[in-house]
Amino acid sequence: MAAATLVQLLRALPSLSVEHGLTAESFAYATLQGSAGHKDWIAKRPAVPAAFDPGKVILSREGDEVVAVLDRAEAGNAIDRSMRDGLHEAFALVNMDPTITRITLRARGKAFSLGADLSEFGTTSDPATAHMIRCRTLPAREAARCGDRFAVEIDGACIGAGLELAAFASRITATRRSWFQLPELAMGIIPGAGGCVSLTRRIGRQRTALMVLSGRRIGARQALEWGLIDALVD
């Protein structure tokens, strides 16, 4: 059901704006949040590790440029509620301040981001409520509005929500050890942090579908060939 929902959504996205595409993605995601397949994954998922400190986004400004750093290295920069809210606020700030010419997103630690914090899956059980939360706080909505001023520097694993957000940037660089993955289908859901919209605009619907349906990792060289990233750096 998740695979069929993904394909139906990807077919509809070319006729939608980014904003309306994000809404359609959230509707599809909410539908699957209430599915038996996702509930079964939550019931059977591996034990959640000991709680980490809440995630932070460290902002600094030099002249006309802002640097945002994901600061939860001990958890592989998994994006929890506090980090999500920090990202939303960072991009909203850029959108409110036309004097900011660029926001660059980086991360501390060995992984750029391991995606959404798995311990928080299922904490909002009502799909309609979850949809409304995404409409108000999803970082992708603000990031898309300043995409022409948005750059990302990736090192290490870039998975799930981390990749979905990064793909809205107009410039993405990555180190040669970086790799990329969308593992959501195995959880009975689809990318829900904006990835169905952002990746289709970078690599097309077919390659986006391949990444989601297969769940396999994409290395940095292949990501460059596909246009998922714009350059390899040391």
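1. Ala 107 belongs to strand β3 of what is a predicted model. With a relative accessible area of 25%, Ala 107 is partly exposed, because the value falls between the 20% under which a residue counts as buried and the 50% over which a residue counts as exposed. When neighbours within four places in sequence are set aside, the residues in contact with Ala 107 are Val 69, Leu 70, Asn 77 and Phe 112. His 38, by contrast, lies 69 residues away from Ala 107 in sequence, and the C-alpha atoms of the two are 29 Å apart in space.

2. Asn 77 sits in the loop between β2 and α4, and its phi is near 55°, a positive value in a residue other than glycine. Is Asn 77 buried or exposed? Its relative accessibility is 0%, so Asn 77 counts as buried.

3. The strand that holds Ala 107, β3, is part of an open sheet of 6 strands, whose order is β1-β2-β3-β4-β6-β9 and whose pairing is mixed. Which strands stand at the edges of this sheet? They are β1, residues 56-62, and β9, residues 231-233; each has a single partner strand, and therefore one side of each is left without a neighbour in the sheet. On average, and with direction ignored, neighbouring strands of this sheet are turned by 20° against each other.

4. The sense is parallel between β3 and β4, which are paired over 3 bridges, and here the bridge partner of Leu 105 is Val 152 in β4. β4 and strand β6 (residues 171-175) also run parallel and are joined by 4 bridges, with Arg 171 in β6 as the bridge partner of Ala 151.

5. As for how much of β4 is covered, 4 of its 5 residues are buried, so that the strand is mostly covered. Helix α4 (residues 81-96) packs on the sheet and touches β4 (150-154) as well as β1, β2 and β3 (102-107), while the direction of the helix makes about 25° with that of β1.

6. Helix α4 also contains Leu 93, which counts as partly exposed because its relative accessibility is 37%. Together with Leu 59 and Met 96, Leu 93 makes a nonpolar surface patch of about 300 Å². A colleague inspecting the model may wish to view these three side chains together.

7. Asp 97 lies in the loop between α4 and β3. What does Asp 97 touch, not counting residues up to four places away in sequence? On that count, Asp 97 touches Arg 61 and Arg 149. The relative accessible area of Asp 97 is 18%, and the residue is therefore buried, given that buried means under 20%.

Technical notes: Residues numbered from 1 in each chain as written. Predicted model: local features only at pLDDT ≥ 70, side-chain atom pairs only at ≥ 80, totals over all residues. Heavy atoms only, no water. Pairing = 2+ DSSP bridges. Helix = DSSP H or I, 4+ residues; strand = E, 2+ residues; numbered from the N terminus. Axes fitted to C-alpha atoms, helices over the stretch in contact; angles between N-to-C directions. Contact = heavy atoms within 4.5 Å. Patch = residues over 30% accessible without salt bridge, like charges linked within 9 Å, V, L, I, M, F, W, Y side chains within 5 Å. Areas by Shrake-Rupley, 256 points an atom, 1.4 Å probe, with all protein chains shown as cover. Salt bridge = Lys/Arg side-chain N within 4 Å of Asp/Glu carboxyl O. Buried < 20%, exposed > 50% of the residue type's maximum accessible area, 1.4 Å probe, protein only.
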